[in-house]
Amino acid sequence: MVVRLRLSRFGCKNKPFYRVMAANSRSPRDGKHLEVLGYYNPLPGQDGGKRMGLNFERVKYWLSVGAQPSEPVQRILFRSGLLPPPPMVAMECKGGPRDIRPVDPLTGRIMSQNKPADSDLVKDADNSEADGEDGTTTS
């Protein structure tokens, strides 16, 4: 039995409210669960922020015994500081090839990388081509 940490939807139409649950992976979304671990309200409150509450001790317990968080729960746990950032890659277009540049999980922007100087690599490649294995030059 694989245990998943996932969201179960509550609330009215167009006003979602979610509970973070530990449930069997085969049970339906709003079906039987093992334990309620917290809540998540994606609608902004009066202060403009999203609301969430988690029982950190129980979440840590379920993660320690091998429970697998779903992608939305993984993002929630990252924002609360329990998990490292999930791996994200940028996509050029929907269904297109993936870009291998890393993306900042909070802002969704591509992070800049410092590239090493290519001149050093070119010099090393030229030296290795000029000298053979026995020290003779190739033509």
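Let's start with Glu35. Is this residue buried or exposed? Glu35 is buried, because its relative accessible area is 19% and the cut-off for buried is under 20%. Keep in mind that this is a predicted model.

Where does Glu35 sit? Glu35 is in strand β3. What does its side chain meet? There is a polar contact of 2.8 Å between the side chains of Glu35 and Trp62. Set aside the neighbours within four places in sequence, and Glu35 touches Val20, Met21, Ala22, Arg58 and Trp62.

Two elements supply those partners. Strand β2 covers residues 15-24. Helix α1 covers residues 56-64.

Now β2 and β3 together. Strand β3 spans residues 35-41. How do the two strands run? They are antiparallel, and 5 bridges join them. As a general point, strands of a sheet pair through backbone hydrogen bonds, either parallel or antiparallel.

Step back to the sheet. It is open, with 5 strands in the order β4-β3-β2-β1-β5. The pairing is mixed. Which strands are at the edges? They are β4, residues 51-54, and β5, residues 68-69. Each of these pairs on one side only.

Next, the helices on this sheet. Helix α1 lies across β1, β2, β3, β4 and β5. Its direction is at about 115° to β3. Helix α2, residues 71-80, also packs on the sheet. Helix α2 touches β1, β2, β3, β4 and β5, and makes an angle of about 85° with β4.

Which residues of α2 are buried? Val73, Ile76, Leu77 and Phe78. A reminder on helices: an α-helix has 3.6 residues a turn, so residues three or four places apart point the same way. The buried residues of α2 pack against β1, β2, β3, β4, α1 and β5. Just past the end of α2 comes Gly81, with a positive phi of about 95°.

Last, the whole chain. The protein chain has 3 helices and 7 strands. In sequence order the pattern reads β-β-β-β-α-β-α-β-β-α. How much is buried? Of the 139 residues, 23% are buried. Among contacts with a separation of 6 or more, 26% link residues 24 or more positions apart.

So much for the overview. To close, back to Glu35: a buried residue of strand β3, with a side-chain polar contact to Trp62.

Key. Residues are numbered from 1 along each chain as its sequence is written. This is a predicted model: local features need pLDDT of at least 70, side-chain atom pairs count only at pLDDT 80 or more; totals for chains, interfaces and linings use all residues. Side-chain values use heavy atoms; hydrogens and water are left out. Helices (H or I, at least four residues) and strands (E, at least two) are DSSP runs, numbered from the N terminus. Buried means under 20% relative accessible area, exposed over 50%, partly exposed in between (1.4 Å probe, protein chains only). Contact means heavy atoms within 4.5 Å. Two strands pair if DSSP finds at least two bridges between them. Axes are lines fitted to C-alpha atoms, for helices over the stretch in contact, and angles run from 0 to 180 degrees between N-to-C directions. A polar contact is a pair of N or O atoms within 3.5 Å; within protein, one must be able to donate a hydrogen and the other to accept it, and residues adjacent in sequence count only if both atoms are side-chain atoms.
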